Amino acid sequence: MAHSVSARKKIRQGARRNMENKAVRSRVRTQMKKVLTAVTAKDAAKAKKELLVACSLLDRAARGKVIHANAASRYKSRLTRRVNTVAPAKYGFTWRPPLMA
């Protein structure tokens with residue numbers, strides 16, 4: 001048990017941050033599930049729309065240090081690949097072997 005005033009305050013702050021971070025993580029996970037649900041339903045328009053929201057939430061969570069920046073990037077990449085199976089990007093990057101001249 002904390003004895004000093006500052007230690008008690010730190011406990012209160014940590015508990016408050018924990019609740020806020022839990023809410024952010026939950027919202028991110030829910031949004032990711034919405035993207036995957038739209039992909040399984042093969043609804044391209046909805047998948048793209050939900051992906052934009054998910055990317056925004058992931059960026060915000062990373063900026064607030066709720067999740068690691070690399071984790072956010074990884075999740076965005078994986079979600080984008082899934083959405084592109086249903087609705088390929090109009091101007092997507094396609095790899096071509098280099099020309100041997």
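The following questions and answers concern a predicted model of a protein.

Residues are numbered from 1 along each chain as its sequence is written, and side-chain values use heavy atoms, with hydrogens and water left out. Local features need pLDDT of at least 70 and side-chain atom pairs count only at pLDDT 80 or more, while totals for chains, interfaces and linings use all residues.

Q: What is the mean pLDDT of the protein, and which element has the lowest mean?
A: pLDDT is the predictor's confidence in each residue, from 0 to 100. The protein has a mean of 90, with 87% of its residues at 70 or more. Among its elements, α1 has the highest mean, 97, and the lowest, 94, belongs to α3.

Q: In what order do the elements run from the N terminus?
A: Helices (H or I, at least four residues) and strands (E, at least two) are DSSP runs, numbered from the N terminus. The protein has 3 helices and 0 strands. From the N terminus on, the order is α-α-α.

Q: How many Å does α1 reach from its first C-alpha to its last?
A: The expected span of a helix is 1.5 Å times one less than its number of residues. For α1, with 36 residues, 52 Å is expected. The model is close to that, at 53 Å.

Q: Which elements do the buried residues of α1 pack against?
A: Buried means under 20% relative accessible area, exposed over 50%, and partly exposed in between (1.4 Å probe, protein chains only). In α1 the buried residues are Gln13, Val28, Gln31, Met32, Val35, Ala38 and Val39. They pack against α2 and α3.

Q: Is Ile67 buried or exposed, and what is its relative accessible area?
A: Ile67 lies in the loop between α2 and α3. Contact means heavy atoms within 4.5 Å; leaving aside neighbours within four places in sequence, Ile67 is in contact with Arg25, Leu58, Ala61, Ala62 and Ala72. Ile67 is buried, with a relative accessible area of 18%.

Q: Which side chain of opposite charge is nearest to Glu50, and how many Å away?
A: Glu50 lies in helix α2 and, beyond its neighbours within four places in sequence, is in contact with Gln31, Lys34 and Val35. Lys and Arg count as positive and Asp and Glu as negative, with His and the chain ends not counted; a salt bridge is a side-chain nitrogen of Lys or Arg within 4 Å of a carboxyl oxygen of Asp or Glu. Glu50 is buried yet has no salt bridge. The nearest side chain of opposite charge is Lys49, 4.5 Å away.

Q: What is the phi of Lys42?
A: Most residues other than glycine have a negative phi. Lys42 lies in the loop between α1 (5-40) and α2 (44-63) and is exposed, with a relative accessible area of 66%. Although Lys42 is not a glycine, its phi is positive, at about 60°.

Q: Where is Lys65, the residue with a positive phi near 60°?
A: Lys65 is a residue other than glycine. At 71% relative accessibility, Lys65 counts as exposed. Lys65 is found in the loop between α2 and α3 (69-86).
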